[in-house]
Structures are given as structure tokens and as C-alpha cells.
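Subject: Structure for your review

Hello,

Here is the structure we spoke about. Please open it alongside this email; my notes follow below it.

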Amino acid sequence: MKEINLTVNGKKHRIKIDENMRLIDLLREKLNLLGTKEGCGEGECGACSIIMDGEVVTSCLVMAFQAESADIITIEGLEKEDGTLHPIQQAFLDEGATQCGFCTPGMILSAKALLDKNPRPTRVEIKEGISGNLCRCTGYNKIVDAIEKAAILLEKGGN
Amino acid sequence: MKKEEIKLKLNVVGKNIIRVDGLSKVTGRAVYPQDIYMDNMLYGKTLRSDKPHANIKVDISEGEKVEGVVKILTAKDVPGHNYHGVLFKDHEVLCETRVRRIGDPIAFIVAETEEAAEEAMDKINVEYEELDGVFDPIEAMKKGAPKVHEDGNIVYHYKIRKGNVEDAFKECDVIAETEYKTHMVEHAFLQPEAGIAYVDDDGMIIVVASTQYPHFDQLEVAEAMGIPTEKVRIINPAVGGAFGGREDITLQIHLAMAAKATGRPVKCTYSREESFVAHCKRHPMVMKCKTGADKNGKLLAMEAEIVGDTGAYASWAINVLRKAGVHITGPYEIPNVKVDSYAVYTNNPFAGAMRGFGATQVPIAHEQQMDILAEKLDMDPMTIRMKNMFKLGSETATGQILEESVPLDRCIQEVEKVMNFTQGKKGGERE
Ligand code: FES
Ligand code: FES
């Protein structure tokens, strides 16, 4: 057993963890943040993507203890308190960029990390930005459309 | 009714509609079975065969000693019929004396933690007496090939006989004769199989699992449990993709048995690796095609033999190989056709439904046949297609008259605008 401090979606936590626990298990099982999905457990699919200190990481490949003092954003941290969707979420909804939805949280977080650094990416840059996230349903085009649209929404300053 | 009048009545067609479940998915709130946690729940793990064909003896005694193990289910614990399958009941819920493929389920371990279940899995002793296997469907059709199931390896033979191909080939100026092979394909839906089952206060068995066929699952769970269907409820929460890969039973019956045997909720989540071995694949096919045309490029005859490898279980093989047989002529009018399409058992991973249901494999053959014929005739690939394609009123190889929308010509012309197939060849002939 080990105790770590970390911030998740703006909230500070002090949590007891097992040494062999993965970050995805901490999020899902200790904090009940079930929007982070496990598609492969091997760093291949990106379904478990979260943002850790500004970078996208696959939470199935990060050990929980490595998140000591980290600042983490999961899909649950994107909506405003009043339930207003984040512009990326709104764009995914409007563009039909989610089908089965299992890739969606990871995909949206990869998009966020991209747009935070590069507010007006080209389509090629968007494709690179989500290259670590597999989607078996959509064929990606609508996802790229949604991220393009989100960039415009964000530039206009919100929803 | 006039066109405009119809249009006024359409509220959905032609419009962008927001998915009913879109909001739950973009917020991460959609509940897939792996997201369900119940009080007092146990975890299940499946011990699977690592040999493709063998007689087995299973000894669970060492596994039962592992701390935290509550129950290990084997074939003898199946309360009703130890079988399932969408068309033929050729799968065993848990294999009793013989395994027919790598990945066949042998035991289902139920424990307080996943770790305990895994430890017990390693301790279960399976004695394999390996049998000759057959891994090539063409070999499997021969007399004397190892039998995957008692009734022989040929599951299904579909025939089309139209006109007289023998006579028609004599009239042909060009003939293309080629063998094509396609490979197995995995669906890789993003959410691996998962489920949770429990028994409610009225004794109803409830299985929550992502599935394409809740009503079928209900029937199969009831038969295996030996109880009436009204005692089984299947709940289908969010499904993380399927593409045909969730049409067969995987963990549903195991979970129902475990919940009944322990009286506690039991959850099971497959790893990606287990998901790969647990569900069906797209049928690999061997397609021998002979297609003939006259000197103007008009198709006169086609003869085809298709052999689909359905692996150890039939699943939807009949529908898939029938569909392949129906579609092997492509979207073309051919007056003389002879098709034989077979589904064959082997000891390979089993094949079933996957996007297209047999119609996906055959274009690889019929379209290359068209290209070969075009080349032999020194004709461009578009012209030969335009000359033969289905239009309104065409008769298919199975005798169907196409009476409604057949806009293939328009589609090909649009493609031509971008691809310029006819460039350099005037009117289909080289300049
Ligand atoms: S679950 Fe982490 S990358 Fe697939
Ligand atoms: S929506 Fe199903 S995997 Fe992307």
C-alpha cells in the first residue's frame, strides 16, 4: 500500500493505492470515473487516453504511483457544472462523430490536448493528433470534421 | 402521391438527426457492462483450450484450493443442454471430452477477485490427448480427412444452375480462369466482451451483456440452464461496436450458470487477447472462377466454386456461403451460370457474421475477373462493366427480376469522372 496526492478534474485527492495498480484502475475503481475505457490494456487503442499534466497518456500503461502530484483531466472534467458541454463534446454530438462511443472519451481528450496547443490545426495535424486513438465505427472522417468545427467554436470563445 | 407531398412527411430521412444516445457517449456516461459494479459481486474467468484438436480430461481439484475461489464450473455443471449455436447447436457451453479449436472454453472459474480466478486457472490440470487436426478447408472436404464433428466436415452446399455453361463457354472469345483466396478478418470492436449476471428476488436470471441478439441469447441461456425463457432476462446496455462479432454466445451462459450456482452477482470482462479467440471471424474463402465473354465484351458464362472455412463451428456459415454464392456473379447479367458454394469445418478459429455476411469476399473475385477479361479484349475496365451491369429489368443468376432502383450506371459514371478509366481508350478500344 502507498498513498499518493493528485488532482483530478480540478479536485484534489489523497488516495491509498496498491503498488501494482494502473492509473486506469485508480480512475475507474477508486474514483468511480467510468468514462475512461479499456479497449486493449496494451497502449494500442487509446480508449483509456486521459490528459496528465497537459499531455495525452494511455492510462493503461501508466502506473498509479506515477501520478503522484499530477494534474489529470478525464472526460468527466470537460462539462461545465451546469451541464453545458465543452465545445469539443458539442461538435462530436452535432457532427455525428460518436457511434458505439467506446473510443469517444479518449478521442475527445486527444482532441483537447491537440487544440490546447494548436488552436487551428489543419486536417493533417488533426489526423496526427488522434493517431493514437482507434475508432472501429466511424471511419474517422466525422471525427476530423468535429475537431475542425470545435476549433472554430473555441476560437469564437465557447459554445 | 407527388414527390413534394412525400417529402413533407419525412421527419428524419434527409435530415441530420442527433443520436438518441449521443449525449451519454460524448460525456462518458454511457454504461457498458464493464462499467457495472454490484455489491458482493464475484469475478469470472474462462479457461480455454490451447490445442486445436484434442481429447481432454479436466482436473479442477488444485484450482479449487486457491484462496478466494468460490466455484469452478465445468461441463458437468451445465444444468440443461450443454450446447448452443445460432443455426446448429454445435458449440458446447463448456467442452466435456473434446476441444475442436484453440480457445474452446473448458472451465469457468468464479472467485472473489480476478487475481484469484487467474491463479486457479493456472492450477487447473487439463490433460490433452492431441488428435489430428485439419486446417485447410479443401483438405477437410476430402475423404479420410479428420472429422471436426461427427457428421462430416461439409456443413452446407449451395448450388445455382442457370442455362448451360458448358455450351456457353464454347461460344466465348475470351475466358478468365483464376483462383482467389481471402483471409480471416477480426472485427476488433473496441469494447471487449463483458457482462454481469445475477438472480433477482423472484428467481429470474438476469444477464447484462453487450450483444446483437438479446432474444436469441435468452433462448440459448434458457436451454442451457434448463429453464423456461420467461425465467431469463437479457439486458443489453451500451454496445461498444459489434460488426457481426456479437451474434454468437460468448460469456452469457457462463455468467448465468455462475450467478445461479453462487447466488451472487458475477462479472466477467475479456481482455483484448481473449476477445480475439472468443468470438467468430470473417470466413476465409477460396474462390475458383471461370468467366467468359464474346469479342464485344458481353458476358456469356460463369462457373464458380467457393469454399468457405467456417472453422470449428458453423455459426452463420449457411447464410454466409449462400450469400457468397448468390453474389459471386457480381452486379452483372450473365445468361449461363453454375455456382457451387460450400461451408466446411476445420480446426481453425470459427467464422461467422462479419460486415457483409459473405458478400464482402466475392467482389475480390468477380471484379478481378472483369479486369482480366477487359485486358484480354483490350477494352477499358469501365466499358466492359457498363456493357454487362444490372439495370432496371435485369435478371440475376438466381432468377430475380430487378424491378426497383438500380443506379449502378450513375455510380460508375461518377467514379469515371474522377478516375478517368477510359482515358487513352476511345469507346472502350485503345486508340
Ligand atoms: S486500453 Fe489503454 S491504449 Fe487501449
Ligand atoms: S465510435 Fe465505436 S470505436 Fe469509435
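In strand β4 of chain B, Arg98(B) is the bridge partner of Asn55(B). This is a predicted model, and what follows should be read as computed from it. The pair belongs to an antiparallel pairing of β2 (residues 54-59) with β4 (residues 98-99) in chain B, which runs over 2 bridges. Strand β2(B) also pairs with β6 (residues 125-130) of chain B, again in the antiparallel sense, here over 6 bridges. On that side, Lys57(B) has Glu127(B) as its bridge partner in β6(B).

Domains of chain A

Chain A is split into two parts: domain 1 covers 2-77 and domain 2 covers 87-155. In the contact between them, domain 1 of chain A takes part with 17 residues and domain 2 of chain A with 13 residues. The C-alpha centres of these two domains of chain A are 21 Å apart.

How much area do domain 1 of chain A and domain 2 of chain A bury between them? The figure is about 1200 Å², with 65% of it on carbon and sulfur atoms. On the side of domain 1 of chain A, the residues that lose the most area to domain 2 of chain A are Lys37(A), Ile51(A) and Ile75(A); together they make up 36% of what that side buries.

Lys117(A) and Glu55(A) form a salt bridge, with their closest N and O atoms 3.1 Å apart. There are also 4 residue pairs in polar contact between the two domains of chain A, counting pairs with both residues at pLDDT 80 or more.

Within domain 1 of chain A, strands β3 (49-52) and β4 (55-58) of chain A each supply at least two residues of the side that touches domain 2 of chain A. Of the elements, β3(A) gives the most to that side, with 3 residues. By class, the residues on that side of domain 1 of chain A are 7 nonpolar, 6 polar and 4 charged.

Chain A against chain B

Between the chains, 29 residues of chain A are in contact with 26 residues of chain B. The area buried between chain A and chain B is about 2200 Å², and carbon and sulfur atoms give 60% of it. Which three residues supply more than any other three of the area that chain A buries against chain B? They are Leu93(A), Phe102(A) and Arg136(A), with 28%.

The count of salt bridges between chain A and chain B is 3. Arg28(A) forms a salt bridge with Asp35(B), where the closest N and O atoms are 2.8 Å apart. Polar contacts between chain A and chain B come to 14 residue pairs, with both residues at pLDDT 80 or more.

The elements of chain A that give two or more residues to the side touching chain B are α1 (23-30), α2 (87-95) and α3 (104-117). Helix α2(A) gives the most to that side, with 4 residues. The side of chain A that touches chain B has 15 nonpolar, 7 polar and 7 charged residues.

Regards

Methods
Residues numbered from 1 in each chain as written. Chains lettered and ligands numbered in written order. Predicted model: local features only at pLDDT ≥ 70, side-chain atom pairs only at ≥ 80, totals over all residues. Heavy atoms only, no water. Domains from an automatic or database assignment. Contact = heavy atoms within 4.5 Å. Buried area = accessible area lost by both parts, 1.4 Å probe. Salt bridge = Lys/Arg side-chain N within 4 Å of Asp/Glu carboxyl O. Polar contact = N/O pair within 3.5 Å; in protein donor to acceptor, adjacent residues only side chain to side chain. Nonpolar A, V, L, I, M, F, W, Y, C, P; charged D, E, K, R; others polar. Pairing = 2+ DSSP bridges.
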